[in-house]
Amino acid sequence: MSYAAQPLYALIHEACVCDGTASNWSAQRVREEFPEFDAEPFTFVGEMIYPWFFEEDPALTPLRETADLLASYEWPALYDPDTLAANTVPVAAAVYYDDMYVDRDFSLETARVIPGCRTWITSEHAHNGLSADPRVLDHLLTLIHI
């Protein structure tokens, strides 16, 4: 598998959840701490990004230094509940009913604090609906009337 079509995704995947901290290659650290994640017949690695991706994937090797810098960067608070509660920008969110990575109830709780956020709860797609089907974006834009 290569991230040739999505190198930015590989670079910022861990950073997008670093709310006031550095990732320090979190997925790799947790995997080393809990070797049971590598137990056969299942390997629980989901959509994690590992430092070795930037050594083995030819599309990512030129980004290795940048990836390490981002992994060590101490991110500020990325999510401010007060700012979200004061939002005036139209927002639509796809909430996948059986998303294996994002808890549905947590998604809906977050959406409730954003004024005017319109949710589309669906089991038609999984976690990657937006990249798997262009109709997802069309539907979300329809929800906010763009």
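Gly129 is buried, with a relative accessible area of 1%. This glycine sits in helix H7. The structure is a predicted model. Within the protein chain, helix H7 (residues 129–132) has the lowest mean pLDDT of the elements, at 85. The briefing below starts with this site, then turns to confidence, the core, the surface patch and the salt bridges.

**Gly129 and its surroundings**
- Leaving aside residues up to four places away in sequence, Gly129 touches Tyr96 and Val136.
- Tyr96 is 33 residues from Gly129 in sequence. In space, the C-alpha atoms of Gly129 and Tyr96 are 8.2 Å apart.
- Gly129 counts as buried because its 1% relative accessible area falls under the 20% cut-off.

**Confidence**
- Mean pLDDT for the protein chain is 91.
- Of its residues, 98% reach 70 or more.
- Helix H4 has the highest mean pLDDT among the elements, at 97.

**Nonpolar core**
- The largest nonpolar core has twelve residues.

**Nonpolar surface patch**
- Val30, Phe34 and Phe37 make a nonpolar surface patch of about 210 Å².
- Phe34 lies in the loop between helix H2 (26–33) and H3.
- Phe34 is partly exposed, because its relative accessibility is 33%, which falls between the 20% and 50% cut-offs.

**Salt bridges: Arg135 and Asp133**
- The whole structure holds three salt bridges.
- One of them joins the side chains of Arg135 and Asp133, at 2.6 Å from N to O.
- Arg135 is exposed, with a relative accessible area of 54%.
- Asp133 counts as buried, at 9% relative accessibility.

**Salt bridges: the network at Arg64**
- Salt bridges with shared partners join Glu55, Arg64 and Asp68 into one network.
- Glu55 and Arg64 meet through their side chains at 2.7 Å, N to O.
- Arg64 also forms a salt bridge with Asp68, with the closest N and O atoms 2.9 Å apart.
- Both Asp68 and Arg64 lie in helix H4. They are four residues apart, about one turn of the helix.
- Glu55 is exposed, at 51% relative accessibility. The label applies because the cut-off for exposed is over 50%.
- Arg64 is partly exposed, with a relative accessible area of 21%.
- Asp68 is partly exposed as well, with a relative accessible area of 29%.

Definitions and conventions:
Residues are numbered from 1 along each chain as its sequence is written. This is a predicted model: local features need pLDDT of at least 70, side-chain atom pairs count only at pLDDT 80 or more; totals for chains, interfaces and linings use all residues. Side-chain values use heavy atoms; hydrogens and water are left out. A nonpolar core is a set of buried Ala, Val, Leu, Ile, Met, Phe, Trp, Tyr and Cys residues joined through side-chain atoms within 4.5 Å. Buried means under 20% relative accessible area, exposed over 50%, partly exposed in between (1.4 Å probe, protein chains only). Patches are made of residues with over 30% relative accessible area and no salt bridge: like charges are joined within 9 Å, nonpolar side chains (Val, Leu, Ile, Met, Phe, Trp, Tyr) within 5 Å. Accessible areas come from the Shrake-Rupley method with a 1.4 Å probe; for residues, only the protein chains shown count as cover. A salt bridge is a side-chain nitrogen of Lys or Arg within 4 Å of a carboxyl oxygen of Asp or Glu. Helices (H or I, at least four residues) and strands (E, at least two) are DSSP runs, numbered from the N terminus. pLDDT is the predictor's confidence in each residue, from 0 to 100. Contact means heavy atoms within 4.5 Å.
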